Amino acid sequence: MIPYGRQDIVEADIEAVTNVLRSDYLTQGPLVPLFERKVAEKVGALHGVAVNSATSALHIACMALDLGEGDVLWTTPNTFVASANCGIYCGAEVDFVDIDARTYNISATALRNRLEEASAVNKLPTVVVAVHFAGQPCDMEAIGQLSLEYGFKIIEDASHAIGGKYRGEYIGCGRYSDVTVFSFHPVKIITTAEGGMAVTNDRSIAERMKLARSHGVTRSDTLMENASSEPWYYEQVDLGFNYRMTELQAALGVSQLNRLDEYVQRRHVLAEHYDSLLEGLTVVTPYRESDGYSGFHLYPVRIQGAKDRRAVFDSLRARGIGVNVHYIPVHTQPYYQHMGFKWGQFPEAESYYEEAISLPLYPGMEEEDVLLVTKALKESL
Ligand SMILES: *Cc1c(COP(=O)(O)O)cnc(C)c1O
């Protein structure tokens, strides 16, 4: 079976993790802050806050941006549920904006239209979560411009996109957003097993995210309400969680980060190989915006021939190809349907979903594997 994604672990990664096991600190040691500095430096952000998942990173980002009851968070329906759930965690309402038919990312045109409508009824979003689907950057300049016009904050969910670029700058540099979130789940671009990070250029947002990840507890003089000289003294100044990353995870992350550019380059090579082998078939290959450099977490195709997606999917699986589907539109999940969302509300995301198959793509894949997958796809169509 060729899986749709998998981690790449080398000896140096294993050594980095086992070194931690022999050291004094399994958690709250020096490697988490080192990993934070390295990721922030790599992507061109000032601050990094490492956590136990991207889901936690989205949550603390929303908390730090003051999202709460009475507020509204907007995101794309073509994403993993976590991009929307973070709004619900904060007591906010969640709504969706349909996708662009070519990039499958949130459509800046649809966003503008929805903002005009929302402005007329005084229901503007507080936060918009822009998801770089499959690694392809969203139209950040347009979304950034709209945030200035309508006064919302932007979180980039870059779970698919670390190592990708927008207009020559790494995703995460924060030129058009307040916070960017990365996932280090094993199928993503680099891994810490479970893990995530939020990066920002705003010091006070970073401080609030650090509080939220660790119980709302601080030992920092500037954050405590009462000064104390007692060496054991700490204060809980807010309600937080235990979302901390361990030293084992951070060690793996630091080691993996050394190969980030290599991984993304390899994903591009394999994607281009797919592009050329799939030419002439009744499938739509991923569109690339000229000002973006995708992280290529996924290689999604749309099946548009006589065979329907289900038949092609089953046939590929039967041939040992571990294809997958990204994503069931979030608003069609029972949890969101119970809130009142309906099929038909976001037609581009729904029609994309009906045709979508993600082909295997991971750095350890060989050109031969790409050939095997495309052969199997040809037979299945
Ligand atoms: C994987 C993923 C997440 C959640 O990441 P975890 O690290 O597993 O919590 C959030 N958003 C998107 C778009 C993802 O793909």
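A polar contact is a pair of N or O atoms within 3.5 Å; within protein, one must be able to donate a hydrogen and the other to accept it, and residues adjacent in sequence count only if both atoms are side-chain atoms. The model is predicted: local features need pLDDT of at least 70, side-chain atom pairs count only at pLDDT 80 or more, and totals for chains, interfaces and linings use all residues. Residues are numbered from 1 along each chain as its sequence is written, and side-chain values use heavy atoms, with hydrogens and water left out.

View 1. A polar side-chain atom of Lys-188 is 3.0 Å from an oxygen atom of the ligand. For Thr-55, a polar side-chain atom lies 2.5 Å from a ligand oxygen atom. Ala-54 has a polar backbone atom 2.9 Å from an oxygen atom of the ligand. On its own the ligand has 380 Å² of accessible area, and the protein covers 92% of it (Shrake-Rupley method, 1.4 Å probe).

**View 2. The shell around the ligand.** There are 15 residues around the ligand, and Thr-55, Asp-157, His-160, Ser-183 and Lys-188 come nearest (a residue is near if one of its heavy atoms lies within 4 Å). The shell divides into 5 nonpolar, 8 polar and 2 charged residues. Here Ala, Val, Leu, Ile, Met, Phe, Trp, Tyr, Cys and Pro count as nonpolar, Asp, Glu, Lys and Arg as charged, and the others, Gly among them, as polar.

**View 3. Packing of helices H9 and H13.** H9 (residues 260–278) and H13 (residues 367–380) pack at an angle of about 35°, their axes 10 Å apart. Axes are lines fitted to C-alpha atoms, for helices over the stretch in contact, and angles run from 0 to 180 degrees between N-to-C directions. Helices (H or I, at least four residues) and strands (E, at least two) are DSSP runs, numbered from the N terminus. Residues making the contact include Val-269 and Leu-270 of H9 and Val-370 and Leu-371 of H13 (contact means heavy atoms within 4.5 Å). The contact residues comprise 9 nonpolar, 2 polar and 3 charged.

**View 4. Surroundings of Arg-114.** Arg-114 belongs to helix H5 (residues 108–120). Apart from neighbours within four places in sequence, Arg-114 is in contact with Trp-74, Asp-95, Phe-96, Val-97 and Phe-346.

**View 5. Backbone details in two loops.** His-326 and Tyr-327 are joined by a cis peptide bond, with omega about 0°. Tyr-327 sits in the loop between helix H10 (309–318) and helix H11 (334–337). Asp-66, although not a glycine, has a positive phi of about 65°. The loop between H3 and strand S2 (72–75) holds Asp-66.
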